[in-house]
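Student: Could you take me through how burial, contacts and a domain interface are read from a model?
Tutor: Let us begin with the structure itself.

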Amino acid sequence: MKISRYLISHQRLAPSPDHSVENRAASDGRQANALDPSQLEALLEAHGFTVVSSTGFSGPGYRGTRRALARRTPEDSPGAQTKALLERLVDDVAWHAVVPATLFEAPRKLLVMDVDSTLIQQEVIELLAAHAGRESEVAAVTEAAMRGELDFAESLHARVATLAGLDAGVVEQVRASVVLSPGARELIEACHAGGHLVGVVSGGFLQILRPLAEELGLDFALANDLGVTAGRLTGTVHGAVVDAAAKESSLRAWAAEAGIPLEHTIAAGDGANDVHMVRAAGLGIAYGAKPALRAAADAVIDLPRLDIVRHLAGI
């Protein structure tokens with residue numbers, strides 16, 4: 001039987017205080033709901049899918065199952081039954097995603113990631129603002145921007161303005177304090193080992209991203225350029241701000257440059273300024289994300305392991 005989709009399911013190996021079943025279900029007063037394998041297969045059958053094969057996978061702190069699916073009959077309209085299936089895959093123990101076989105099995109793919117709170121654990125603008133004594137103020141603006149409540153470009157200009165007059169040496173101090181998200185390095189290495197490309201696009205700053213991109217051997221990188229005059233930050237950025245539109249256009253341009261069809265691309269991020277990029281990709285992933293992005297994404301990762309992306313994307 002011809003495989004048309006893959007159902008990728010993953011879950012935490014051991015509940016923790018911040019990611020427990022109780023926390024996910026009880027936040028809105030619901031009882032915890034968990035789909036067992038027989039319930040999953042019944043849902044798949046009800047929506048016209050047959051499980052061709054099932055394979056387990058695991059990583060630090062998580063485990064999962066990959067089910068190859070075939071369709072018994074054509075869908076009434078493109079993706080209709082797949083969308084209906086996704087609406088029924090409500091589970092407070094595991095996360096489920098339905099991935100097209102055309103992407104999962106593609107021989108060459110492009111992964112594009114956001115940087116702050118995705119590739120790395122921190123928000124760089126907040127680390128810089130701490131040197132100006134404005135961290136809490138800037139963090140509040142960043143949070144609102146990531147929720148989509150503020151225009152990203154305007155909020156970035158306002159946040160960068162708080163850095164005016166800082167010694168440019170603080171940039172190097174901040175760069176040295178940046179920590180990769182768990183599994184980030186493993187994900188990038190797996191991509192390159194499989195012949196795939198990796199790019200990052202950031203509303204953050206080139207001065208931080210450039211050396212990190214070189215260290216990781218990334219194929220593409222784009223971020224804002226902080227203004228510096230006479231060894232001090234000017235509180236401005238050079239050129240157009242890397243916003244939601246720029247992130248999407250970067251994904252499209254890099255895919256075209258590499259000769260990779262857009263449907264063979266993967267995009268991952270955490271904030272509202274990643275929505276356009278995530279929607280444009282063949283597989284859009286919300287990583288520890290705000291509600292606006294979760295609603296737009298094809299898959300959600302709430303566990304703090306970025307390497308789960310490789311299992312979702314067939315890398």
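Tutor: A residue is called buried under 20% relative accessible area, exposed over 50%, and partly exposed in between, using a 1.4 Å probe and protein chains only. This is a predicted model, in which local features need pLDDT of at least 70 and side-chain atom pairs count only at pLDDT 80 or more, while totals for chains, interfaces and linings use all residues. Residues are numbered from 1 along each chain as its sequence is written, and side-chain values use heavy atoms, leaving out hydrogens and water.

Student: Is H96 buried or exposed?

Tutor: H96 is buried, because its relative accessible area is 13%.

Student: Which side chains are in polar contact with H96?

Tutor: A polar contact is a pair of N or O atoms within 3.5 Å; within protein, one must be able to donate a hydrogen and the other to accept it, and residues adjacent in sequence count only if both atoms are side-chain atoms. The side chain of H96 makes such a contact with that of S9 at 2.7 Å, and another with that of D91 at 2.9 Å.

Student: How is the chain divided into domains?

Tutor: Domain bounds come from an automatic or database domain assignment, and here they give domain 1 (1–104) and domain 2 (107–314). Contact means heavy atoms within 4.5 Å, and 15 residues from domain 1 and 21 residues from domain 2 take part.

Student: How many residue pairs are in polar contact across the interface of domain 1 and domain 2?

Tutor: Six residue pairs, both members at pLDDT 80 or more, are found in polar contact across that interface.
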